[in-house]
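Subject: Structure handover

Hello,

Here is the structure for you to open. Please keep it on screen while you read my notes below.

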Amino acid sequence: MKNKLRERLKNIAHGKLEPAAKLFFDIIAWLERVYFQCRYRLKNKNNLSQEDIKEVEENVTFMFKSFERQKLAKRLYKSIRKFYPNAHIIIADDSSSPLNLKNEHLTVLHLPFNSGLSYGLNRALREVKTPYLMKLDDDCILTRKSDIAGQLSFLNKHKEIDLVGFGILSFIRCQPPIKDFMNYFQESMYRAPKPLKIPHMTQIDNTHIVVGKPPNIFLARTDKVREVGWDDNIRMMDHKEFFIRAAGNLVATVAIDTVVFHCHNPFDRKYQKYRQDVEGDRAYIRKKYAKFH
């Protein structure tokens, strides 16, 4: 029943009423974003210390892949700059038109059109020179509760942990990030070629829990991510496959008190056309892991 209703609403939204539906979506998403920004500002009144900002800027490179969403890529770029003005940012872009952004602390990699997520992330990874990297999606926005400095401190303290996944608040449904985490609490990766180094759902402290697959927004040790890398043959369905190979090689946790905004545009038909073209990925992944099932 829910699926039928969702499909009917989707057909209406992408029919003659699409301009009105898009306007409604944009207004609600903006209002929700303002509400949560104000809420986090009131609850987290203390600004980042200069020491925290410097620590992140010196040790973390922000990297993300961008495709046909220049406005979103620029929005994320400004969001990072707001919190960490001198941090290095690497954007791997395979759009039809080059991403027009320049800054002394920015590297934009102009890649062949529609090269894919894995290809772009691998090229960005090659350029990282800091001990840590922050992997993002171009439709994200940092918040006061992203707390990258806090997660960097956690990784420095816990040498047995290699990666921290962040809570994601998606507009416009805005379920609390803990509900999104529930999906990852079920991803034990028990079918991966190697068992996890630390068992799934091991609690490291009050806010960090080991998982087989964390969200795709994460802070990680650069050398450990390089040991795994992304498979260039996979264009879109990169995330789970990465953590299948990461099992037994790096230890991932989630930080349940962190929040990154996820503000996508479901009305961008050109982007969705390429985003939903995943049959080739599915066939390749099935063949690659056939012997493990």
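Which residues do ring pairs link into a cluster? They are Y35, F36, Y40, F171 and F261.

First, the ground rules. This is a predicted model, so local features need pLDDT of at least 70 and side-chain atom pairs pLDDT 80 or more, while totals for chains, interfaces and linings use all residues. Residues are numbered from 1 along each chain as its sequence is written, and side-chain values use heavy atoms, with hydrogens and water left out.

Now the rings. The structure holds 13 aromatic pairs (rings of Phe, Tyr and Trp, its six-membered ring, with centres within 6.5 Å; planes under 30 degrees apart are stacked, over 60 edge-to-face, the rest tilted). One of them joins Y35 and F36. It is edge-to-face, at 5.0 Å centre to centre and 75 degrees between the planes.

Y35 is partly exposed, at 49% relative accessibility (buried is under 20% relative accessible area, exposed over 50%, partly exposed in between; 1.4 Å probe, protein chains only). F36 is buried, at 11%.

F36 also pairs with F171. Their centres are 6.5 Å apart and their planes at 40 degrees, so this pair is tilted. F171 is buried too, at 3% relative accessibility.

Last, a charge. The charged end of R123 sits over the ring of Y119, 3.7 Å from its centre (NZ of Lys or CZ of Arg within 6 Å of the ring centre and within 35 degrees of the ring normal).

Best wishes
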